[in-house]
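Student: I would like to learn how to read a model one feature at a time. Where do we begin?

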Amino acid sequence: GKIIEFFSGEARRLQPSKVIETIAEVIALEMDLRMEAAAAAELKQNTKDNPHYDVPEVDWDRTSRQVLTTRWVDGISFKKLDEIKKAGLNPENLAENLVQGFLSQALNDGYFHADLHQGNLFACTNNKVTAIDFGIMGRIDLRTRKALAEILFGFANQDYDQIAKAHFDMGYVPGDQDYIAFKQAIRAIGEPVVGKPLSEISAGKLLGQLFETTSRFNMRTQPQLILLQKTMVTAEGVALNLNPDI
């Protein structure tokens with residue numbers, strides 16, 4: 001990563017060495033199951049007041065560096081949509097609970113489950129979502145969360161001035177860049193999806209446009225948002241499988 005950055009200005013913007021460091025740190029922590037147990041305990045503490053999302057309790061007496069033990073999860077895997085329906089559970093409610101749970105973790109707590117594939121999710125009584133496997137977690141500091149909230153709120157209200165201001169205030173876009181031109185570029189991303197249901201929005205296309213914009217305005221990759229971006233795409237896919245009209 002460092003060598004690439006030395007020879008390439010584009011690579012310096014994308015900061016591959018920081019990306020690699022972030023991934024390496026996550027993998028190192030994932031190898032010690034006591035750290036995963038601590039992650040589960042923290043997430044359970046953060047979600048204890050959410051009746052629609054659960055985390056299994058850790059059995060610390062039977063947990064060590066190489067063994068993680070939690071209580072049994074009584075539920076149906078998200079992989080088995082037919083069984084979920086047969087059990088009388090509501091896929092639409094499950095999709096809503098998954099998305100709301102994820103967004104609450106990311107924006108309210110700044111600590112979120114970052115491996116939300118179907119195999120790690122279970123549908124439980126009263127359409128409660130239970131997650132397992134806490135080896136990959138994401139953390140976002142308060143300042144970044146506030147900026148994300150500003151940006152999301154801006155897109156929801158078609159307030160491109162608010163979005164652009166958040167980017168400049170955070171230093172995502174260098175101060176020497178053209179503010180008006182950046183705002184126009186953000187509008188080009190937001191306008192085509194206004195009012196459309198998620199089923200008609202291509203996450204890949206949106207991300208592609210965002211990457212083009214980052215390049216044009218010399219934005220640096222934000223390592224703390226790498227897992228968030230990945231998890232957003234995964235959570236979207238899981239939710240759409242449950243409810244194509246979410």
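Tutor: Begin with burial. Buried means under 20% relative accessible area, exposed over 50%, and partly exposed in between, with a 1.4 Å probe and protein chains only. Q105 has 2% relative accessibility, so Q105 counts as buried. A word on the source: this is a predicted model, where local features need pLDDT of at least 70, side-chain atom pairs count only at pLDDT 80 or more, and totals for chains, interfaces and linings use all residues. Residues are numbered from 1 along each chain as its sequence is written, and side-chain values use heavy atoms, with hydrogens and water left out.

Student: Where is the place of Q105?

Tutor: Elements first. Helices (H or I, at least four residues) and strands (E, at least two) are DSSP runs, numbered from the N terminus. Q105 sits in helix α6, residues 91-109.

Student: Which residues is Q105 in contact with, leaving aside its neighbours within four places in sequence?

Tutor: Contact means heavy atoms within 4.5 Å. With those neighbours set aside, Q105 touches L43, T47, Y53, G110, Y111, F112 and H113.

Student: How do I read an aromatic pair?

Tutor: Look at ring centres, then planes. Rings of Phe, Tyr and Trp (its six-membered ring) pair if their centres lie within 6.5 Å; planes under 30 degrees apart count as stacked, over 60 as edge-to-face, and the rest as tilted. There are five aromatic pairs in the structure. Take F102 and F112: their ring centres are 5.8 Å apart and their planes stand at 85 degrees, so this pair is edge-to-face. F102 belongs to helix α6 and F112 to strand β3 (residues 111-113), so the pair ties together parts 10 residues apart in sequence. Both F102 and F112 are buried.

Student: What about the rings of F155 and Y160?

Tutor: Their centres are 6.5 Å apart and their planes lie at 80 degrees, so F155 and Y160 are also an edge-to-face pair. Their exposure classes need a separate look. F155 is partly exposed, at a relative accessible area of 29%, whereas Y160 is buried, at 2%. Elsewhere, ring pairs join F168, Y179, F182 and F217 into a cluster.

Student: How many of the residues of helix α8 are buried?

Tutor: Eight of the 11 residues of α8 (residues 160-170) are buried, so this helix is largely enclosed by the rest of the structure. Among them are Y160, I163, F168 and M170. The cover over the buried residues includes α7 (142-156) and α9 (179-190). Just after α8, G171 has a positive phi of about 80 degrees.

Student: Which residue other than glycine has a positive phi near 65 degrees?

Tutor: N126 is one. N126 lies in the loop between β4 (121-124) and β5 (128-131). At 67% relative accessibility, N126 counts as exposed. D133 is not a glycine either, and its phi is positive, about 65 degrees. D133 is in the loop between β5 and β6 (137-139). With 30% relative accessibility, D133 counts as partly exposed.

Student: How should I read two residues separated in sequence?

Tutor: L240 and E92 are 148 residues apart in sequence, yet 9.3 Å apart in space, C-alpha to C-alpha. L240 lies in helix α11, residues 226-242. L240 is partly exposed, with a relative accessible area of 22%.
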